Amino acid sequence: MGPETYSHGHHRSVVAAHAVRTAKDCAAYLLPELEPGMSVLDVGCGPGSITADFAALTAPGPVTGLDQSEDVLTQARTLAAERGLQNTTFTAGNVYDLDFPDETFDVVHAHQVLQHLMDPVAALREMRRVTKPGGLVAVRDADFHGMSWYPASPALTEWMQTYQQIARGNQAEPDAGRHLLSWALEAGFTDITPSSSNWLYATPEQRAWHAGSWSERVLQSAFAEQALERGLADQAALERISAGWQAWAEAPDGWFLMPCGELLARA
């Protein structure tokens, strides 16, 4: 297995989209399980907004955010400092080889991570290794082919086709949400609680934000770089897709539904 490629990359438009995520809108299925004093590992923490929410909920329990990008870890540390959190640590690491002893954490969490991995089952096994007996591995991932939008948009259909090709070219699974239960079973979990939840972009403000993010990402992020390098799209196609996102946002009846699969797997 060769080096992995993160399909989204770390362009500012991507990191900015990740930085507005909260535990409430991304990990509601996990929140009832969290208690003060718990130790938590947040794998693929990005700029740390979800991690910081966990830290506030489980204080004084230690919360560790892990990511491969030092740039986003710097942003995460700044956020934790701004919030006055004393129980957070952010460190660089690899989900396949976590630098922690067996049975370290009460909860190991990964949000929108498994969809980008070449071997999500191996990642789940490693996450389980560092989870205490009876503790939880919690994962949530989008299902790209499960996404739907209105009005119909040839540009958004082209976006989906291009994204699928990019992700699968990276040997990743963009429709990860529907695979979570299968992967967890293969990883050896037997006590599993599956669920699902959606993100919906339908108000003018939501549409403007979602389309604004993707219209920029299509032109400037790793999406554009990989599409052009691999001959999956030319510049004209990227411009067309970007404009299509903006046109969708301007539709007063615009609707974009993004389903996510979720699992609580007990170690």
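Why is helix H3 (residues 49–58) largely enclosed by the rest of the structure? Eight of the ten residues of this helix are buried, so H3 is largely enclosed. Buried denotes under 20% relative accessible area, exposed over 50%, and partly exposed in between (1.4 Å probe, protein chains only). Helices (H or I, at least four residues) and strands (E, at least two) are DSSP runs, numbered from the N terminus. The buried residues of H3 are Ser49, Ile50, Thr51, Ala52, Asp53, Phe54, Ala55 and Thr58.

The model is predicted: local features need pLDDT of at least 70, side-chain atom pairs count only at pLDDT 80 or more, and totals for chains, interfaces and linings use all residues. Residues are numbered from 1 along each chain as its sequence is written, and side-chain values use heavy atoms, with hydrogens and water left out.

With a disulfide taken as a pair of cysteine sulfur atoms within 2.5 Å, the count is zero. For Cys45, the closest cysteine sulfur belongs to Cys26 and lies 13 Å away, too far for a bond.

Leu200 counts as partly exposed because its relative accessibility is 33%.
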